[in-house]
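Work through the exercises below with the model on screen. Try each task before you read its solution.

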Amino acid sequence: MAKRITIDPISRIEGHLRVDVEVENGSVSNSWASCTMWRGIETILKGRDPREAWLFTQRFCGVCTTVHAMASVRSVEDALKLEIPLNAQYIRNLILINHGLHDHIVHFYHLSALDFVDILKIPQADPAKTSALIEGLSPWTGNSKKMFLDAQNKVKAVAASGQLGIFTNGYWGHPAMKLSPEVNLLAFAHYIQALEYQRKSVQAVAILGSKSPHIQNLTVGGVANAINLDSLATLNMDRLFMIKKLMDEVKPFVDQVYLPDVCAIAGMYSDWFNYGAGVTNYLASPDLPLDGKNTKFDLVGGYIMDGNISSAHKFDGFRDKVFTDGVTEETKHAWYKGEEPLRPWKGETDPEYTDWSAEGKYSWVKAPRFQGKPMQVGPLAQILVGYALGDPLTRKHTDKALDLISTVAGHRIGVEKLQSTMGRHVARAIRASMLAELGEKHWTLLVNNIASGDVAIHNDPVFPSGEIEGVGVHEAPRGLLSHWTVIKNGKIDNYQAVVPSTWNASPRDAKGVRGPYEASLLHNPIADPTRPLEAIRTIHSFDPCMACACHTFDPQGNAVATVKVL
Amino acid sequence: MKKIKICGVGSVLLGDDAVGPYTARWIAANYEFGESVEVEDLGTPGLDLIAYMTGMDVLILIDSVDNKQPAGTVTVYDKALITSHRPAVRLDPHSPAITESIFVAELAGDGPDEVYLIGVTGEQLDIGAPLSESVQNAIPLVVEEALARVIEHGGSYRKRDVPLDPDIWWENARMEVVA
């Protein structure tokens, strides 16, 4: 008899993702992913000025601010067929690169590493052994015995206080936790160091975007960063070198700490290359354009069907007809009216809430489909598409990571094994090392272009009468993001955002086919149904983000401090 | 001198959840502070809040709260109370994370010594709605509380002779005229 587990530990206002699994003989036999909060935020844009849409979309989510701003200006520019100056393209690319680095570092260390790292084993570690373990494998200067001892003392202090704080609800001592005390200490020490490096990437975004977390420098048509190398108030040499210094500090952290840590943990947990493949159709968009017309890119995009990772179809640009013709959204199992698959430009957002029903409707997320199929998006999709298309940058970084993992595991882990829970973590780290390398390139492109005398940053948009359609595409940290806009007589008539977590957290479609989260949970082992760590590992590997909603703080208790009633 | 940061948090697109960003912008537009005090609208940063609290001695958060009080009630929570709220296992790691952010920043050794959360009980979270009258009326008290904490911790401020535009852009009207 299957046992149903609902993982919805987060209260009404704090969480938006619920997962239900049925467990039979220690393994997941059925699964459902639900979003518990309505995301009809796009309706706010109807009737607004397309030039200010990005300010609103930037507030869809507090973590993915930049990516929604970027997709929005791209969608309006696409509708207008508006080219942007080279400087604007490079400045935007540098923002996207630094935002991506921040996001990937935080995801691994602060949001998912503790699914594999047992904090409460750290007090037993020998810091000298930890230091010896890593010596010779990484030139990182922050791997001294003293540094590991300091990190260990932090854990001992927390444990001794009797208040576990941030560690209160971890699955410590779970049978699926396998690392030695020394390796647990290594990962935790880098968790602390990662806080500093993710902040450097935020600082780089803030310098380029004038502010962070909400950048201020975008325009439909380019950017608002006035360029004058000799003026204090503009993007000048001082600021450019501040950005370079920050990127020069983050790149070694990615190459010498983040990527090797992921490879080491992956090698030690190599059984996790056997779980969590789920939907093996992959979709990725090209990104980091190299010209103002968006015809050449540093990240390649395309799609792969049915796990056939030796061959991918390539997308030529943001608005590849195969892509725009292929995307639909369905609502058979989502709390909306209507059943027919709709193209996003014709999309409707007409809520109709009923109870959670395993056979009926159970999510606020629509089911996006490409050519009628569910698709997995994210760094794994990008890496597999790039690898299949023979992209040299993707191949170089992927092969390097696979070699390291294979050495640690003691047997060969090939690229096909990346189609798994662990593969998604590895692909994210590979992508980060690619972004760190591309950061240097795009900084140099920007500086050289300015040095050639080009200081253009913006082309004025002109809105025609009548109706135009645009799509703004961005390969965001969580995967392919697309904003679809219809502009009528210069104002927004329809706006639909198809976000990465919608692709991955999709409910079943009209044919009953599961979305990627749901499919990836099938056959996961569950050693202890009261502590479903394995299911959490698989869900976290996607880097879920449904927080495009509200923020209200729930104190869960009575105020003991000052209380004033107006 | 203690470093003090006033942060408005919340979604500006969801009715009364905008009270944090709204008030932070209003404070920055109406008051000038000494060098050690910063005021920011942070939106809904989740765990990214860590990056903005690091290095601060005093963190003053302004947020909407769900505490079963009448709408517009202003409640000040201190650090002990906020951190007694035990973090849950998260499926979705980007949800509100004030408590976790404080814990993680402390672990790194550079978290704030003092944290205050000035909460306003909301009335509605409707998409695109302006602040409710009850919440709007609570803002002077929120401002008074925030400024009192600044003074208590050795910061300084003065009212601007000519206020700046707080730029509450999300309350701008939709386009009426067809271009």
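**Exercise 1: A helix pair in chain A**

Helix α3 (residues 86-112) of chain A packs against helix α11 (residues 421-451) of chain A at an angle of about 155 degrees, and their axes are 9 Å apart. The model is a predicted one. Task: find how α3(A) is oriented relative to α11(A).

Step 1. Take the angle, about 155 degrees. Step 2. Apply the cut-off: angles over 145 degrees count as roughly antiparallel. Step 3. Conclude that α3(A) is therefore roughly antiparallel to α11(A). Step 4. Step 5. Sort the residues of this contact: 17 are nonpolar, 10 polar and two charged.

**Exercise 2: A second pair**

Helix α6 (residues 181-209) and helix α7 (residues 237-268), both of chain A, pack at an angle of about 150 degrees. Task: describe how α6(A) and α7(A) are oriented to each other, and state which residues meet.

Step 1. Compare the angle of about 150 degrees with the cut-off of 145. Step 2. α6(A) and α7(A) are therefore roughly antiparallel to each other. Their axes are 9 Å apart. Step 3. The crossing of α6(A) and α7(A) is left-handed. Step 4. Look at the contact. On the α6(A) side, the residues include V183(A), A187(A), Y197(A) and L208(A). On the α7(A) side, they include M242(A), L246(A), F253(A) and I265(A). Step 5. The contact residues of α6(A) with α7(A) divide into 15 nonpolar, four polar and four charged.

**Exercise 3: Chain B as a whole**

Task: judge how compact chain B is for its 179 residues.

Step 1. Chain B has five helices and seven strands. Along the sequence they run β-α-β-β-α-β-β-α-α-β-α-β. Step 2. The radius of gyration of chain B is 16 Å, close to the 16 Å that the globule rule gives, so chain B is as compact as a globular protein of that length. Step 3. Check burial: buried residues make up 53% of chain B.

Methods
Residues numbered from 1 in each chain as written. Chains lettered and ligands numbered in written order. Predicted model: local features only at pLDDT ≥ 70, side-chain atom pairs only at ≥ 80, totals over all residues. Axes fitted to C-alpha atoms, helices over the stretch in contact; angles between N-to-C directions. Helix = DSSP H or I, 4+ residues; strand = E, 2+ residues; numbered from the N terminus. Parallel < 35°, antiparallel > 145°, perpendicular 65-115°, else oblique. Nonpolar A, V, L, I, M, F, W, Y, C, P; charged D, E, K, R; others polar. Rg over C-alpha atoms; globule rule 2.2 N^0.38 Å. Buried ≥ 20, exposed ≤ 12 C-beta atoms within 10 Å, placed from the backbone. Left-handed = near helix turned anticlockwise from the far one by under 90°. Contact = placed C-beta atoms within 7 Å.
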